[in-house]
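This report considers the annotated positions of a protein chain and their surroundings. Please examine the sequence and the model before reading further.

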Amino acid sequence: MTIYNLGSINIDHVYRLAALPRVGETISSLDHALGLGGKGANQSVAAARAGAQVRHLGAMGTGDDWVLDMLGAAGIDTGAVARLDGVATGHAIILVDAEGENSIILHGGANRALPAGLVTGGLAAIGPGDILMMQNETTLQAEAAAHARAAGARVIYSAAPFEIAALRAVLPHVSILAVNEVEARDTFAAFGEALPIAGLLITRGAKGAEYRDLETGRIWEQPAFRVQAVDTTGAGDCFAGWFAAGLSRGEDIATTLRNASAAAALQVTRKGAGNAMPTRAEVAAFLAQQV
């Protein structure tokens with residue numbers, strides 16, 4: 001079983017600050033780091049380090065080869081990543097305060113210029129038992145979702161950054177919708193709670209997560225593990241990637257949620273996003289220490 005991920009690839013510029021700037025304020029950063037990011041790349045790395053077979057679909061500029069090297073080093077198939085002339089690789093300006101909270105400015109770049117043939121080429125082998133992951137940071141979402149469902153695959157869609165129009169376009173093809181608390185409220189306000197999907201994954205930060213089987217009405221809840229957060233950037237992507245990896249292995253929902261929660265707990269104790277995703281061995285060791 002393979003996880004295909006139509007996802008963004010970003011270069012993260014991370015600035016560490018004593019406090020996030022107020023309107024009109026100019027402040028000095030305490031530190032600067034360059035790293036791999038983008039919700040798509042983050043989820044691909046998380047799923048691959050969770051032990052899944054992952055193929056990433058996306059686009060970059062013609063430079064920045066170190067980004068592909070990092071994806072490849074995580075065990076991700078990057079054969080469906082297009083290189084575009086005259087288009088910048090997506091990037092993000094991330095401000096992180098002393099409490100680990102963040103503000104982010106995103107430039108889509110190549111993520112918003114995916115070539116039309118990427119879906120049919122990159123998803124040519126997708127079929128029953130496979131999973132397509134997506135997030136709202138690229139083009140071609142509805143096309144990819146429709147292609148995957150027609151081939152018998154499951155589609156997991158992270159509705160972030162949240163946009164009603166984007167969600168409406170993909171919802172008929174979605175198997176599982178992944179949202180945070182705020183996105184869940186916005187989704188219910190726009191579409192009601194009787195969504196036409198099989199499952200709903202809601203992450204609630206320090207309050208944990210829940211999964212709703214919308215076909216049977218059953219709900220699973222998973223408390224968050226208590227850790228000292230250093231950087232919360234990418235925590236939701238970590239959870240989603242690990243959740244998809246668990247499903248691809250055929251794990252039950254309770255196990256999948258527990259593993260994903262442990263992975264996200266470990267991830268926020270580290271600096272960075274894609275670079276900070278834990279391995280399966282690290283998550284197993286963390287869980288062995290829990291009572």
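## Terms and model

A residue is called buried when its relative accessible area is under 20%, exposed when it is over 50%, and partly exposed in between. The structure described here is a predicted model.

## The annotated active site

An unreviewed UniProt entry places the feature "active site" at Asp237. Asp237 belongs to helix α7, which comprises residues 235–248. Because its relative accessibility is 3%, Asp237 counts as buried.

Apart from residues up to four places away in sequence, Asp237 touches Lys39, Asn42, Gln43, Ala46 and Met277. With Asn42 there is also a polar contact of 3.0 Å between the two side chains.

## The annotated binding site

The unreviewed UniProt entry also carries the annotation "binding site", which covers Asp231, Thr233, Gln267, Arg270 and Gly272. These residues span 42 residues in sequence, but no two of their C-alpha atoms lie more than 9.7 Å apart, so they gather at one spot.

Thr233 lies in the loop between β13 (219–222) and α7. Thr233 is buried, since its relative accessible area is 7%. The side chains of Thr233 and Asn102 are joined by a polar contact of 3.2 Å.

Arg270 is located in the loop between α8 (253–267) and α9 (280–288). With a relative accessibility of 25%, Arg270 counts as partly exposed. Leaving aside neighbours within four places in sequence, Arg270 is in contact with Val230, Asp231, Ala276, Met277, Pro278 and Glu282. Met277 is also among the residues that Asp237 touches.

Key:
Residues numbered from 1 in each chain as written. Predicted model: local features only at pLDDT ≥ 70, side-chain atom pairs only at ≥ 80, totals over all residues. Heavy atoms only, no water. UniProt positions renumbered as here; feature names shortened; annotations may be inferred. Helix = DSSP H or I, 4+ residues; strand = E, 2+ residues; numbered from the N terminus. Buried < 20%, exposed > 50% of the residue type's maximum accessible area, 1.4 Å probe, protein only. Contact = heavy atoms within 4.5 Å. Polar contact = N/O pair within 3.5 Å; in protein donor to acceptor, adjacent residues only side chain to side chain.
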